[in-house]
Amino acid sequence: MSRQKEDTDTDINALVRAASAVPTDETATFYKVLSRLDADPHRTPVQLPSLAPSVALASFAALMLAAGTAGYALPDLAPTNPDDQILALAFGGSDAVRDPFGLTAPGSTK
Amino acid sequence: MSDRTQAHTAALLSAIARKDRRALGELIAVHGRGLTLVATRYLGSPEDADEVIQDVFLRVWRHASKYDPQKARVKTWLYRITVNLCIDRHRRMSLRRFIGLDDPPVEIADPQPSAADRLEDRHTLDTVRAAIAALPARQRMALLLSAVAELDTNDVATAMAISPGAVEQLLVRARRKLRAATTQNEDQTT
C-alpha cells in the first residue's frame, strides 16, 4: 500500500469517525440492561397460560360439568339425535322413532 | 487495545460469567460507546441502536462463560455479537419499511457540535453521513468497524465472519465511494 493511499485512508477514517460522533449514555444503557435482567423470564419459572386458567373460565367449566351431570341424571332428558327428531315427525311417536319400520314390533316375522 | 486492557476486559468477562453486575457496568463503560456509535451509524436509528446494544449486553451476561479467548479478543467478540444483532435488526427494519410500517431513517447528526465543528465542516460531515448511509450494508459495516471501532482487518473479518480479503475489498469500495462524495462536495463548495 502506498504512503499516499494510507494517508487518504486515514483521512477517510477520520471523517467517518467525526461523522459518526453522537452523544452516548453508558450509565443509562447499564440501567436499562439491569432492568431487563430483572424482568428476565429466565429468572422466574415459566407460567403457561393454560396452567393458570382465569376465574371466569374455571366457573364456566364447573357450570358445564354440573349441567351435564344433572342432564344425564334425569330419565327423560337424555340427549336426542336430531335425526331421531326428524324421523319422529315423519312417522309419529317415540316408538316410531326407535323402530320406524316396525321391524321389532310384536308379531313381526322379520 | 493494549495487552493490559485486553487482560482487564477478559477479567471483566470472567466476573460477568460469575454474575457480577458491577463488572457488567464496567464493561459497558469501556465498550458501550464504541458499540453504540457503530450500531447507530449502521442502522441510522438511535432508538434501534439503543435496543440492539441492550441486547448485546444481555447476551454477554448470559453467554460470558462461553467466550473463548483462543478464538477472538473480547472487543472483537463484542463486535461480532453487535454485527449479528445489527444485521437482524436491519433486515426487520427493511421489511417494515417495505410494507410501509416504518419511515425511512433520518440523518443523525451530533446535536452538540464542538467549536471546531464549523459550518463548512458540518456540511462536509453531512455529506459523509449521507454517503455512509448510501453504502451497501456490508461495505457500511466494514467501514464502521475499521474507522469507528478501530478494528484491524483480521478483527473486522472475524466480527463479520468473512475472509480478510473480502474485508479489504469492502473497504476499498466503501472508501472509494466516500472519497468521490467528499470530492464532489468540495467541487460544489468552491
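A straight helix of 23 residues would span 33 Å at 1.5 Å a residue, whereas α2(B) spans only 28 Å between its end C-alpha atoms. The expected span is 1.5 Å times one less than the number of residues. Helices here are DSSP runs of H or I with at least four residues, strands are runs of E with at least two, and both are numbered from the N terminus. Where does α2(B) bend? The bend is at B:H31 and comes to about 50 degrees; it is the angle between axes fitted to the seven residues ending there and the seven starting there. After α2(B) comes B:G44, which has a positive phi, near 75 degrees.

Some conventions before I continue. Residues are numbered from 1 along each chain as its sequence is written, and chains are lettered from A and ligands numbered from 1 in the order in which they are written. Because the model is predicted, local features need pLDDT of at least 70 and side-chain atom pairs count only at pLDDT 80 or more, while totals for chains, interfaces and linings use all residues.

As for confidence, the model scores ipTM 0.83 and pTM 0.69. The pLDDT, which is the predictor's confidence in each residue from 0 to 100, averages 88 in chain B, and 85% of the residues there score at least 70. Among the elements of chain B, the highest mean belongs to α6(B), at 97, and the lowest to α5(B), at 85.

I turn to the two chains. Chain B has eight helices and zero strands; chain A has five helices and, again, zero strands. A residue is called buried if 20 or more other C-beta atoms lie within 10 Å of its own, exposed if 12 or fewer do, and partly exposed in between, with C-beta atoms placed from the backbone. Of the 190 residues in chain B, 39% are buried. In chain A, with 110 residues, the buried share is 7%. Two residues are in contact if their C-beta atoms, placed from the backbone, lie within 7 Å. Among contacts in chain B between residues at least 6 apart in sequence, 66% join residues at least 24 apart.

Now compare α2(B) with another helix of its chain. Buried residues of α4(B) include B:W77, B:L78, B:Y79 and B:H90. Which helices do the buried residues of α4(B) pack against? They pack against α1 (3–17), α2, α3, α6 and α7 (153–160) of chain B.

Nine of its 11 residues are buried, so α6(B) is largely enclosed by the rest of the structure. Among the buried ones are B:A142, B:L145 and B:S146. These three are also contacts of B:V156, together with B:L151 and B:V167, leaving aside neighbours within four places in sequence. B:V156 lies in helix α7 of chain B and is buried, with 26 other C-beta atoms within 10 Å.

Next, the contact between the chains. How many residues does each chain give? Chain B gives 32 residues and chain A gives 22. On the side of chain B that touches chain A, the elements giving two or more residues are α2 (21–43), α3 (46–63), α5 (119–134), α6 (137–147) and α8 (164–189). The most comes from α2(B), with 10 residues. By type, this side of chain B has 17 nonpolar, eight polar and seven charged residues. Here Ala, Val, Leu, Ile, Met, Phe, Trp, Tyr, Cys and Pro count as nonpolar, Asp, Glu, Lys and Arg as charged, and the others, Gly among them, as polar.

Helix α8 of chain B holds B:L178, which is buried, with 25 other C-beta atoms within 10 Å. Not counting residues up to four places away in sequence, B:L178 touches A:I12, B:V128 and B:A131. B:L178 and B:A131 are 47 residues apart along the chain, yet their C-alpha atoms are separated by 6.0 Å.

I close with two loop residues. B:K19, in the loop between α1 and α2 of chain B, has a positive phi near 65 degrees and is not a glycine. B:K19 counts as exposed, with 12 C-beta neighbours inside 10 Å. B:A161, in the loop between α7 and α8 of chain B, also has a positive phi without being a glycine, about 55 degrees. Is B:A161 buried or exposed? B:A161 counts as exposed, because there are 10 C-beta neighbours inside 10 Å.
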